[in-house]
Amino acid sequence: MNYQFNWQAVITGEYGQWIMDGLLITLQISAVSIVLSLVLGTLIAVMRLTKVRLLEWLALSYTEFFRNTPLLVQLFFWYFGSHAVLPEFVNTWLYEHDFEFGAGVISLTVYTSAFIAEEIRSGIFAIPKTQLEASRACGLSFLQAMHHVILPQAFRIIIPPLISQFLNLIKNSSLVMTIGVMDLMYMARQIESYAGRGFEAFTVILIIYLTISLAVSFLITQYNKRFLRQIAY
């Protein structure tokens, strides 16, 4: 092989700045999507457990639809079809800001929240039913019992699978480059196109993704050990 590796070309200068810009976008879109998917997933999980038939049906349809369709298809769906699905004021706001970023966040959020909802629901099922009954007997409403008694315990149980879902979201965020979001993958492709240093560029972002995943896993595990252990059963 006559290929001459040049790592300096992709980690310094203009190309190095491209990677840093792409890393910032990846972290931003991942962080926003993680928060929104956790909130939405919790809402969907609670809806599945209500006695309101319509809410149960809507939550079930949501989880089955988004869990069983490819993320890449959903990205293109929201990117090309948002004008037909979302309210006009939402589309206007997205176009006035960063539409590609917004479409990526929506896609990652609805896709991941469907999986998180099932993780949360399984965590709730692990809590004895008598705790919900006791909470209701003390005068709490269903939502109050979920908020103050059931969900705190359920979240402690499902920390490991939640970590997996968050890490999957971070890795899945690499697909947003297909709709023009200038994340790490997008910048690596740009470096490959402009400088012909595809191997170096993709190796660097591979290491970056690995570092992010290990860091997130470590931080959430430490949070679980130091803070969630205080939750009493």
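**Figure 1. The polar contact of S113.** The side chains of S113 and Y62 make a polar contact at 2.7 Å; the term denotes a pair of N or O atoms within 3.5 Å, where within protein one must be able to donate a hydrogen and the other to accept it, and residues adjacent in sequence count only if both atoms are side-chain atoms. The structure is a predicted model, in which local features need pLDDT of at least 70 and side-chain atom pairs count only at pLDDT 80 or more, whereas totals for chains, interfaces and linings use all residues. Residues are numbered from 1 along each chain as its sequence is written, and side-chain values use heavy atoms, with hydrogens and water left out. S113 is found in helix α6; helices (H or I, at least four residues) and strands (E, at least two) are DSSP runs numbered from the N terminus. S113 counts as buried because its relative accessibility is 0%, the classes being buried under 20% relative accessible area, exposed over 50% and partly exposed in between (1.4 Å probe, protein chains only). Apart from neighbours within four places in sequence, S113 is in contact (heavy atoms within 4.5 Å) with S37, L40, G41 and Y62.

**Figure 2. The salt-bridge network of R48, R67, E118 and R121.** These four residues are linked in a network of salt bridges, each defined by a side-chain nitrogen of Lys or Arg within 4 Å of a carboxyl oxygen of Asp or Glu. By this rule the count comes to 3 salt bridges. R48 pairs with E118, with the closest N and O atoms 3.0 Å apart. This pair links distant parts of the chain, since R48 belongs to helix α2 and E118 to helix α6, 70 residues apart. Both R48 and E118 are buried. E118 also meets R67 in a salt bridge with an N to O distance of 3.9 Å. Because E118 lies in helix α6 and R67 in helix α3, the pair ties together parts that are 51 residues apart in sequence. R67 counts as partly exposed, at 32% relative accessibility, while E118 has a relative accessible area of 18%. The salt bridge between E118 and R121 spans 3.2 Å, N to O; both residues lie in helix α6, 3 residues apart, about one turn of the helix. R121 is buried, with a relative accessible area of 18%.

**Figure 3. The nonpolar cores.** A nonpolar core is a set of buried Ala, Val, Leu, Ile, Met, Phe, Trp, Tyr and Cys residues joined through side-chain atoms within 4.5 Å. The largest has 50 residues, and those with the most contacts inside it are I120, I124, M146, L184, I191 and I208. Two or more residues each come from α2, α3, α6 (99–125), α8 (142–157), α9 (159–172), α10 (184–195) and α11 (198–226). Helix α2 gives the largest share of this core, 10 residues. M146 is in contact with L49, I124, L151 and P152, leaving aside its neighbours within four places in sequence. A second, separate core of 11 residues includes I29, L75, L108 and V176.

**Figure 4. A nonpolar surface patch.** V52, L54, L55, W57 and L58 form this patch, with about 480 Å² of accessible area together. Patches are made of residues with over 30% relative accessible area and no salt bridge, with like charges joined within 9 Å and nonpolar side chains (Val, Leu, Ile, Met, Phe, Trp, Tyr) within 5 Å. Accessible areas come from the Shrake-Rupley method with a 1.4 Å probe; for residues, only the protein chains shown count as cover. V52 is placed in the loop between α2 (13–49) and α3 (53–67).
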